[in-house]
Structure formats: C-alpha cells, structure tokens
Amino acid sequence: MSTHKLDYLEQLEAESIYIMREIAAQFEKPALLFSGGKDSITLVHLAKKAFAPMKIPFPLVHIDTGHNFPEALQFRDYYAESLGAELIVRKVEDTIKAKNLTEPKGKFASRNWLQTHTLLDTIEEFKFDACIGGARRDEEKARAKERFFSVRDEFGQWDPKLQRPELWNIYNGRINKGENVRVFPISNWTELDVWNYIKRENIQLPSIYFAHSRDVIEFEGQLIAVSDFIQIDESDEIINKKVRYRTVGDMTCTAAVESSAETLDEVVTEITASKISERGETRIDDKVTEAAMEDRKKGGYF
C-alpha cells in the first residue's frame with residue numbers, strides 16, 4: 001500500500017484538476033479565457049493534465065483590447081497552435097466601432113472597462129455557459145470574495161452577496177437560461193505557488209516575465225513601457241532599464257518592476273522576498289478607486 005503524501009503543489013494541482021473535470025462534467029459549452037499570461041498558461045497546462053491523452057475539450061478565448069504586449073500575443077498564438085487547441089479571438093476595437101462606445105482618454109487610457117462589452121458579446125455569440133479564468137484570491141480583495149464557481153446573471157453581473165456555499169469540494173453549476181458561471185480553478189494558489197509550479201513543471205512562458213532591457217517612463221514611482229498606446233509628455237524622461245513583468249495586462253495599465261531575474265530560480269527568489277502582490281505593485285487600473293476591481297466585476301468584468 002502506497003504511503004506517498006502529496007506535497008503542497010501536488011495538492012493544489014489535484015484540486016485544480018478536479019475542478020477542471022467538474023467543469024467538463026457539469027457544463028455544456030465551457031471556454032478557457034487565455035491571454036498568454038502566466039496564470040492562464042498554468043490553467044491550460046492543468047487542463048492538459050486533466051484530460052490527457054485527449055485534447056483540451058474546450059476552446060481558448062482571448063478578449064483582445066488592442067493594447068496587449070506583443071510578446072504575450074506571439075506566445076498566445078504559438079502555444080494554442082502547439083496544443084492543437086481552438087483559439088477564439090474577439091477584439092475590443094470591433095466592439096467600440098459596432099456599439100459606438102466612447103473610448104477613454106488620457107495619459108494611460110485603458111480599455112479594461114470596455115472589454116466587458118466584448119466578453120459578454122462573446123459569451124452570447126458562442127452560448128458559453130462557463131468561462132474559466134486564472135484569478136487568484138491573493139491578487140486583490142475583490143477577488144478574495146470569489147467562490148470557485150461564481151454565478152453571473154443574464155446581464156453578466158456579479159453579486160458578491162449571492163455567492164453559493166462550497167462545502168467539502170461540492171460545486172454547484174446549476175444555472176438558469178441566460179446565466180453563466182465564471183470558474184477559477186487556481187483560486188487557492190498564490191503568486192509564489194504559480195511560479196514554483198511553473199518551475200517544477202518546466203512550463204514555457206513569454207520572455208516578458210524575465211529581465212530584459214526596455215524603454216520606460218517613470219510615473220508616480222511606476223515604470224511604464226513606452227508604446228504607441230500611452231501619451232508621452234514633454235516632462236517625461238524616457239529611460240532604458242532592465243525590467244520584467246509580474247503580471248501581463250495591457251501596456252497602458254501594467255507597470256514593470258526593475259529586476260535582474262533572468263531565470264525561474266531567480267524569479268522565485270525575487271517573489272519570495274516581495275511583500276506586495278503583483279496587482280498591488282504593477283496594475284494602474286486597480287488604483288482608480290478603492291473598489292475599482294469590484295466595480296468592474298459587478299459590471300461583468302472577469
């Protein structure tokens with residue numbers, strides 16, 4: 001009789017794989033939201049393990065704001081092709097034109113609020129009843145309120161007061177027509193867990209997660225990449241620094257961190273010493289208001 005005990009990464013992996021299989025069992029048309037970022041890459045890896053030797057039984061979906069890092073988009077396409085997975089891309093730019101939406105203005109004009117429209121339209125277009133995402137509870141206090149199975153109403157809205165109990169790993173995927181569920185299989189993971197798992201499983205990542213030279217401007221203590229999507233003022237000084245990214249959102253709202261970590265071991269060491277979450281340190285859009293993330297989630301944001 002085996003006496004092997006799962007270590008903490010194996011426990012997290014087993015929990016996430018169980019949730020992946022529950023998604024496939026309980027829903028008719030699930031989809032996995034895939035941006036080419038480390039968390040969604042980890043989700044795809046977990047899905048591969050959950051359903052091997054079969055292919056992943058649901059499509060990968062990316063809501064493209066048009067402000068993405070090129071490295072993330074290149075990896076997105078490469079990784080989906082290497083898996084033989086179906087990749088569905090819908091663009092916020094098309095939604096802006098179709099719905100005549102007003103695009104935000106300003107120095108770091110973000111389309112994050114607008115991508116909710118594209119996401120909800122995509123769910124309606126393909127009749128997805130479950131969307132799998134890589135949100136983790138340690139990232140931000142609004143995300144800490146989420147269950148694994150988070151029900152959204154027919155308008156895509158989230159009510160944190162109407163969360164379902166999840167006792168003894170029992171997940172309730174029952175929904176009414178028009179509703180959908182957002183599922184977060186790595187909710188219990190931390191940023192350090194993700195990096196240790198990536199290291200253990202030797203998972204490929206975009207180069208942007210490792211130290212590289214990049215032109216940036218410093219704004220209120222944060223390093224923002226120079227790009228066509230931000231407004232460069234005369235007072236801005238463009239400097240070249242060795243940086244990496246802890247999280248990969250849009251170029252307009254994601255700051256880099258100064259770093260010399262070029263390997264997985266070095267990144268793990270750096271994250272172990274950090275006392276600030278990746279969103280807390282590098283996401284400008286979360287700082288708009290105290291409840292910025294929760295407001296977006298209530299409106300349909302992932």
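This is a predicted model: local features need pLDDT of at least 70, side-chain atom pairs count only at pLDDT 80 or more; totals for chains, interfaces and linings use all residues.
1. Helix α1 (residues 8-26) packs against helix α2 (residues 38-51) at an angle of about 75°, and their axes are 9 Å apart. This angle makes α1 roughly perpendicular to α2. In this note, angles of 65 to 115 degrees count as roughly perpendicular, under 35 as roughly parallel, over 145 as roughly antiparallel, and the rest as oblique. Axes are lines fitted to C-alpha atoms, for helices over the stretch in contact, and angles run from 0 to 180 degrees between N-to-C directions. On the side of α1 the contact is made by E13, S16, I17, M20, R21 and A24, and on the side of α2 by L43, L46, A47, K49, A50 and F51; contact means heavy atoms within 4.5 Å. By class, the residues of this contact are eight nonpolar, one polar and three charged. Ala, Val, Leu, Ile, Met, Phe, Trp, Tyr, Cys and Pro count as nonpolar, Asp, Glu, Lys and Arg as charged, and the others, Gly among them, as polar.

2. Residues are numbered from 1 along each chain as its sequence is written, and side-chain values use heavy atoms, with hydrogens and water left out.

3. The protein chain contains nine helices and ten strands. Helices (H or I, at least four residues) and strands (E, at least two) are DSSP runs, numbered from the N terminus. Of the 302 residues of the chain, 53% count as buried; buried means under 20% relative accessible area, exposed over 50%, and partly exposed in between (1.4 Å probe, protein chains only). Among contacts between residues at least 6 apart in sequence, 73% join residues at least 24 apart.

4. V92, T95 and K99 of α4 meet Q115, H117, T118 and D121 of α5. The contact of α4 with α5 has one nonpolar, four polar and two charged residues.

5. An open sheet of six strands, with mixed pairing, has the order β3-β2-β1-β4-β6-β5. Two strands pair if DSSP finds at least two bridges between them. Helix α3 (residues 70-83) lies across β2 and β3 and runs at about 160° to β2.

6. Strand β1 (residues 30-33) is covered on both faces: P30 and L32 on one side, and A31 and L33 on the other, are all buried. Three bridges pair β1 with β4 (residues 130-132) in the parallel sense, and L32 has I132 as its bridge partner in β4. Two bridges join β1 to β2 (residues 60-64), again running parallel, and L33 stands opposite V61 in β2. β1, α2 and β2 make a right-handed β-α-β unit; a crossover is right-handed if, with the strands pointing away from the viewer, the path from the first strand over the helix to the second runs clockwise.

7. Antiparallel pairing is found between β5 and β6 (residues 180-183), which are joined by four bridges. V151 has V181 as its bridge partner in β6.

8. Strand β7 (residues 212-219) includes S213, which is exposed, with a relative accessible area of 55%. S213 and K241 are 28 residues apart along the chain, and their C-alpha atoms are separated by 5.5 Å. Not counting residues up to four places away in sequence, S213 touches N240, K241 and K242. β7 pairs with β9 (residues 239-244) in the antiparallel sense over five bridges, and K241 is the bridge partner of R214. β9 also pairs with β10 (residues 255-258), antiparallel over two bridges, where R244 has V257 as its partner.

9. Q231 lies in the loop between β8 (222-225) and β9 and is partly exposed, with a relative accessible area of 39%. Q231 and G106 are 125 residues apart in sequence and 7.2 Å apart in space, C-alpha to C-alpha.
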